[in-house]
Amino acid sequence: VQEAFADDGDALNYDRIVGYESTVEMMRDFGIGMNDDPRFQQLVGMLNARHGLDKRPAPDSMLFRAHAREDANRFMMATLGELDLPSVHMRMEENFQGMPVLCISARSIDIPSPSSLSSVFSKGGVLVLEDLDLWESPSMDVPDDGSSFFLMQMTRGASEAVNLVRSAVDNPDVYVIATASMEGPIDDFFLDLLEPLSLVDIDFPNDEERNLIWMDIAKEHPSIRSINRRDL
């Protein structure tokens, strides 16, 4: 399934997200969120020149995990805003028959041709696998009796989706980001598919981050400013 969603002019980025300061610092170790830092750009240029490279090395796939999957997905959206690249989202849903269906979506402005999602990554981009702990590994086995044309079509679709993920992982110009809850296991099939993989665990906010969250809420809702945060 291919969907198009509108461009959000109010998109998140690391400057606008609140309560993730320690995770943002972790992402800076990966070089994300450092585009406006001239010292970092100078360092990248020097290392590339000394090692004979014309651009930054290919990034590892990244898995954002949080106790609440909503936190991981929100931080993923802020990371997309920080990267500011065309993105394709993949997520698993259930159809009316209760069978798992892989949904693929992208912004219409990111797709030069509606018939070719691979063209989104022609100049780099981001592939997002949402809620990976809810995914079921695809079956590549097709019965020999030829009685299930529908199953064959599903298997072909699963194979194409797996190939899309593999090509994105192998493409040095594409970031691959997955999200998941810490509470559920992830099928080894997908973990192997994303290698090399770096884990980014998003913990509960610390005291300083909680204060920042509260001040951000109070900025939008003046009626709660009179509440004593220490008592709360």
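R69, D131 and D133 are linked in a network of salt bridges, where a salt bridge is a side-chain nitrogen of Lys or Arg within 4 Å of a carboxyl oxygen of Asp or Glu. The model you are looking at is predicted, so local features need pLDDT of at least 70 and side-chain atom pairs count only at pLDDT 80 or more, while totals for chains, interfaces and linings use all residues. Residues are numbered from 1 along each chain as its sequence is written, and side-chain values use heavy atoms, with hydrogens and water left out.

In the pair D131 and R69, the closest N and O atoms are 3.3 Å apart. This pair links distant parts of the chain: D131 sits in the loop between β5 and α4, and R69 in helix α3, 62 residues apart. Helices (H or I, at least four residues) and strands (E, at least two) are DSSP runs, numbered from the N terminus. D131 counts as buried at 17% relative accessibility, whereas R69 is partly exposed at 21%; buried means under 20% relative accessible area, exposed over 50%, and partly exposed in between (1.4 Å probe, protein chains only).

From R69, follow helix α3 itself. At 1.5 Å a residue, the 15 residues of α3 (residues 69-83) should span 21 Å, and the end C-alpha atoms are 21 Å apart, which agrees; the expected span is 1.5 Å times one less than the number of residues. Buried residues in α3 include A72, F75, M76 and L80. Their cover includes α1 (21-28), β2 (61-66) and β7 (197-202). Just after α3, D84 takes a positive phi of about 55°.

Now for the interior. In soluble globular proteins, nonpolar side chains tend to be buried together. Here the largest nonpolar core has 25 residues, a core being a set of buried Ala, Val, Leu, Ile, Met, Phe, Trp, Tyr and Cys residues joined through side-chain atoms within 4.5 Å. Among the elements that give it two or more residues are β3 (87-94), α4 (149-170) and β6 (174-181). The largest share, six residues, comes from α4. L132 is one of the residues with the most contacts inside this core. Leaving aside residues up to four places away in sequence, L132 touches A178, T179, A180, I186, F190 and L194, contact meaning heavy atoms within 4.5 Å.

Finally, look at helix α1, where E25 and R28 lie three residues apart, about one turn of the helix. Their salt bridge has its closest N and O atoms 3.4 Å apart.
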